[in-house]
Structure formats: structure tokens, C-alpha cells
Amino acid sequence: MNETNSLKEQYRDGTNLEARIALHARFSTARQGFHQWLFAHIDVPHDARILELGCGTGQLWRTLGARVPRTWRLVLTDMSFGMVSSPDLSGLAPAGPSGLTQCDAQAIPFADESFDAVIANHMLYHVPDSPSALREIRRVLIGGGRLYAATNGAGHMHELDQFAVALGIDYRAPNLSFRLENGAELLAPYFQSVMRHDFADSLVVSEAQPLVAYILSMRSAMTGLSDEQLQRIRALVCERIALEGAMRITKETGLFVARK
Ligand SMILES: C[S@@+](CC[C@H](N)C(=O)[O-])C[C@H]1O[C@@H](n2cnc3c(N)ncnc32)[C@H](O)[C@@H]1O
């Protein structure tokens with residue numbers, strides 16, 4: 001399967017993403033949730049027009065709920081039709097170009113300078129031509145408008161690689177094209193200023209099943225696993241958690257705020 005098809009398969013609908021969100025929601029150690037932390041960084045006028053690219057299951061807005069000012073005009077978009085047609089999103093914005101619509105970040109179907117802010121969380125590393133996406137984001141932002149782009153660091157959840165190594169699978173965690181370490185450099189040519197904010201967090205996972213579900217949700221990155229290998233992953237995770245009571249997993253996550 002080539003990269004475009006495996007991305008389509010991975011995000012055909014919200015199932016894989018939900019397994020990953022569930023693990024973080026249950027076992028993160030940070031006292032404040034990531035989305036609440038991110039929300040505190042958003043600085044926009046009270047009647048802001050906000051475009052989200054790669055909104056996935058709309059988790060940001062579902063978590064924030066009533067904290068989101070009613071005066072904000074949200075346009076939620078994702079390249080995956082399955083995501084934008086999910087019932088989870090229908091309560092967040094009306095269907096159609098001014099609310100909820102399918103959109104590739106490399107060709108944004110909105111007029112120049114039509115948004116106060118663009119949000120692109122954990123998605124720029126999926127975009128094959130990120131310079132095109134960054135040019136498009138700059139184009140649709142007003143002067144002084146901001147891009148909020150969350151991403152991970154190179155060592156994010158690196159402990160999971162050991163399961164692949166133990167199985168003798170040639171699998172390395174995908175090298176994220178847009179990550180904490182290089183994001184500022186990639187954004188700099190398109191924006192006046194770029195700030196990086198890191199979110200301190202980790203996972204302490206005390207139940208095997210949610211972690212196995214997480215690993216299996218990444219299966220498109222681990223193509224060709226046999227049923228026997230999948231059983232072995234289950235056994236290894238159970239063993240590890242039974243032995244130590246919980247598995248500690250590193251998180252490296254943060255946010256870039258880039259001003260046009
Ligand atoms: C890891 S998920 C993140 C979802 C959401 N932003 C979140 O943080 O929960 C990545 C999302 O980006 C979308 N995506 C991937 N490539 C894209 C592109 N070129 N343009 C727009 N969305 C894209 C996927 O369909 C998927 O929903």
C-alpha cells in the first residue's frame with residue numbers, strides 16, 4: 001500500500017483516531033488536558049472566524065464544549081469525507097462550506113484573508129507538500145492572524161517501538177515530517193513570528209486492552225502483520241503490564257503559534 005492509500009485507509013473514519021484519543025484521555029498524567037491547555041493559547045477577537053484543517057473527530061471542540069465562545073464562527077474541515085460526515089461533528093457546525101466541509105490543506109477553498117486563525121493539530125506531518133499547505137494557510141489568514149499547529153516530537157511514545165523490535169518486524173515509528181524539533185524552521189519562511197510551546201505530559205498505562213487497541217490502530221503503519229504476530233503483541237503488552245503494574249510511556253507534544 002502506498003503512503004496516500006495507507007493515509008486514506010487510516011483516516012477512512014474516526015475509528016483509529018478514537019482508539020488513540022481514548023488511551024490519552026484515560027492514562028495521561030498531566031493535570032490539565034491538552035485541549036484545555038491549547039485553548040488557553042488561542043488569542044482571537046470575540047467574533048473570530050476560525051478555520052480548522054484536519055479536524056478529525058472534532059475532539060478539540062467536543063472537549064472544550066461550552067467554553068468555546070458562541071460568537072466564534074468555526075469552519076471545521078478534513079480531507080477525509082468519512083470524518084466530516086461523522087455524526088460526532090454534525091452538532092459542532094452546520095454542514096456546508098461555512099461550517100463543516102471536506103478540504104485538503106494543500107488547496108484551501110476559501111478567499112484570501114478570510115480567517116483570524118487557522119488550527120492544524122497533529123496533521124501537518126501528513127501533508128505531502130507542506131510548503132503548499134503553509135502558503136495556503138498564510139493566504140487565508142488576515143494580516144496579524146495566527147496559525148495554531150500542534151505536533152509531536154521525534155521521541156513521542158518511542159517505548160512502543162520495542163514491541164515491533166521484539167517481534168522482529170522492520171518497523172520504526174514514522175519520522176514525522178513536521179515535528180517539534182523542525183516545526184519552527186519550516187514555519188519561519190511563511191510567518192512574521194513563530195513561538196513553540198511544549199506540553200509536559202506522559203502516559204502511565206495500567207490496562208493492556210486500551211494499549212493493544214492503540215497499537216492496532218496504527219496497523220496501517222505496520223502492514224503485513226500476521227494474526228500470530230498480533231496475538232504476540234497482545235501477550236507482550238499483557239506481560240509487560242502484569243510485571244511492572246503499568247507501562248510508562250514518554251509523550252513529546254506541543255504547539256506552534258505562528259503570526260502572519
Ligand atoms: C492525527 S489526525 C488529527 C485529528 C485532529 N486534528 C486531532 O488532533 O484530534 C490527522 C487528521 O488529518 C487529516 N488529514 C490528513 N491529511 C490531510 C490533508 N492533506 N488535508 C486535510 N486533512 C488531512 C486526516 O484525515 C485526519 O483526520
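What covers the buried residues of H7? The cover includes strand S1 (49–52), S4, S5 and helix H9 (183–187). Helices (H or I, at least four residues) and strands (E, at least two) are DSSP runs, numbered from the N terminus, and residues are numbered from 1 along each chain as its sequence is written. What you see is a predicted model, where local features need pLDDT of at least 70 and side-chain atom pairs count only at pLDDT 80 or more, while totals for chains, interfaces and linings use all residues; side-chain values use heavy atoms, with hydrogens and water left out.

Let's stay with H7 for a moment. Its buried residues are Ser130, Ser132, Ala133, Leu134, Glu136, Ile137 and Val140. Buried means under 20% relative accessible area, exposed over 50%, and partly exposed in between (1.4 Å probe, protein chains only).

Now turn to the ligand. A residue is near a molecule if one of its heavy atoms lies within 4 Å of it. There are 17 residues around the ligand, and Tyr11, Gly54, Asp78, Ala105 and Asn121 come nearest.

Find Asp78 in strand S2 (residues 73–78). An N or O atom in the side chain of Asp78 is 2.6 Å from an oxygen atom of the ligand; a polar contact is a pair of N or O atoms within 3.5 Å. Asp78 is buried yet has no salt bridge, as the nearest side chain of opposite charge, Arg20, is 11 Å away. A salt bridge is a side-chain nitrogen of Lys or Arg within 4 Å of a carboxyl oxygen of Asp or Glu; Lys and Arg count as positive and Asp and Glu as negative, with His and the chain ends not counted.

Met79 is in the loop between S2 and helix H5 (81–84). Met79 is partly exposed, with a relative accessible area of 43%. A backbone N or O atom of Met79 lies 3.3 Å from a nitrogen atom of the ligand. For Asp104, a polar side-chain atom lies 3.0 Å from a nitrogen atom of the ligand.

Notes
Contact = heavy atoms within 4.5 Å. Polar contact = N/O pair within 3.5 Å; in protein donor to acceptor, adjacent residues only side chain to side chain.
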